[in-house]
Amino acid sequence: MTVTNTISKDQGYFKISKVFSSPAYTGDFTIGYLCTDAAGTNGSVNLAGGATSAAIGPIDTHNGTTAVTCTATETLPSNPTGYTFGVPSYSPTGGVVTITKGLAAAAVEVTVTNTITRDLGNLAVTKYHDVDNSGSKQGSEPFLNGWDCYLDLNTNGTFDGVDVKLTTAGTDESEAPKGEVLFENLPTGTYQICEVPKADWYNSDPGAASIAGPGKDPCESASVLKDTATFASFGNYQKTKVQITKTVGLAVPTHDDGNIAFQIRMGASPAAQGRLSQLAQPTPQTVESSDRTIGRQRTVAIPWFPVPTSCARWCRWATARPSSSVIGTATKRPGSTVTTGSPPG
Ligand SMILES: [Ca+2]
Ligand SMILES: [Ca+2]
Ligand SMILES: [Ca+2]
């Protein structure tokens, strides 16, 4: 009589589940595994968020007398632009599962969970008085508080609905304005940052070319990088307003069309008076009055006059009859209104 017995190794299965949900990444995650069985079972699976692998096995439940475990380890994909994956978490802890005897349908499970966060950075904007209209800040040029700057989120060159606006503020140790705004925790990317102009100020940084069209503000582009402060700057200068006051004398001077002409020349030195070709740029500006009533005082405002870099702080102004000698002069700081001496007449 023969008694026959069979014996087989206890074997089981495991499977890997992936937990992740974000439109920032819809690709697969690669998860490797390595088991402690005598065969050293190993491999990897590629899983998208929400997916579960097929049962992996059969794998011996014991290696000698020691229970077999399998360990799952994820290799993070490259971060999508503007996002960073968090450290993956595993369940059970460490991604380690003990293989238990059973069929594929009873596979033990290891779950790998990922998180992802949006990259953020800061954008600091400084506002300064570009006194010399050079398009950049020199050391002596002051910062300006009280100016509105905004993130032009809909890039239309004007402050409206969705935009975010801040006003330059702050003072340093010596009470001087810091002219700063700080846009914090911005999602990384490229932003259009603009300033709200003020009357009688003119933008030189980024400059007139940055203004997209009528009714649009000066804007420049800034790239906000992860965990970094990006800096942008806006510079504005002022022009000088000049008025001529004269009393019409008996000998009424006339221009080609019979009007009295008033002319402003910039930078006219006494030596250059009356010699138009030697007067500093820009071109002398002329306005006219048709009122030639003798004895009446006439005040004629010259439009804002651009300040050349050679005349950054103090400018000399001259009034004259066109193509004639200079009579009155004045020295004033840009941004002020000056009344010169009477031109000839
Ligand atoms: Ca400057
Ligand atoms: Ca806008
Ligand atoms: Ca700038």
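Two strands are taken to pair if DSSP finds at least two bridges between them, strands (E, at least two residues) and helices (H or I, at least four) being DSSP runs numbered from the N terminus. By this criterion β18 and β20 pair in the antiparallel sense over six bridges, and the bridge partner of Ile193 in β20 is Glu220. Three bridges join β18 to β14, again antiparallel, with Glu195 of β18 as the bridge partner of Cys149.

The model is predicted, with local features requiring pLDDT of at least 70 and side-chain atom pairs counted only at pLDDT 80 or more, whereas totals for chains, interfaces and linings use all residues. Residues are numbered from 1 along each chain as its sequence is written, and chains are lettered from A and ligands numbered from 1 in the order in which they are written.

The protein chain has 28 strands and zero helices. Buried residues (20 or more other C-beta atoms within 10 Å of their own, the C-beta atoms being placed from the backbone) make up 28% of its 345 residues. Five of the seven residues of β18 are buried, so this strand is largely enclosed by the rest of the structure.

Conventions. A residue is buried if 20 or more other C-beta atoms lie within 10 Å of its own, exposed if 12 or fewer, and partly exposed in between; C-beta atoms are placed from the backbone.
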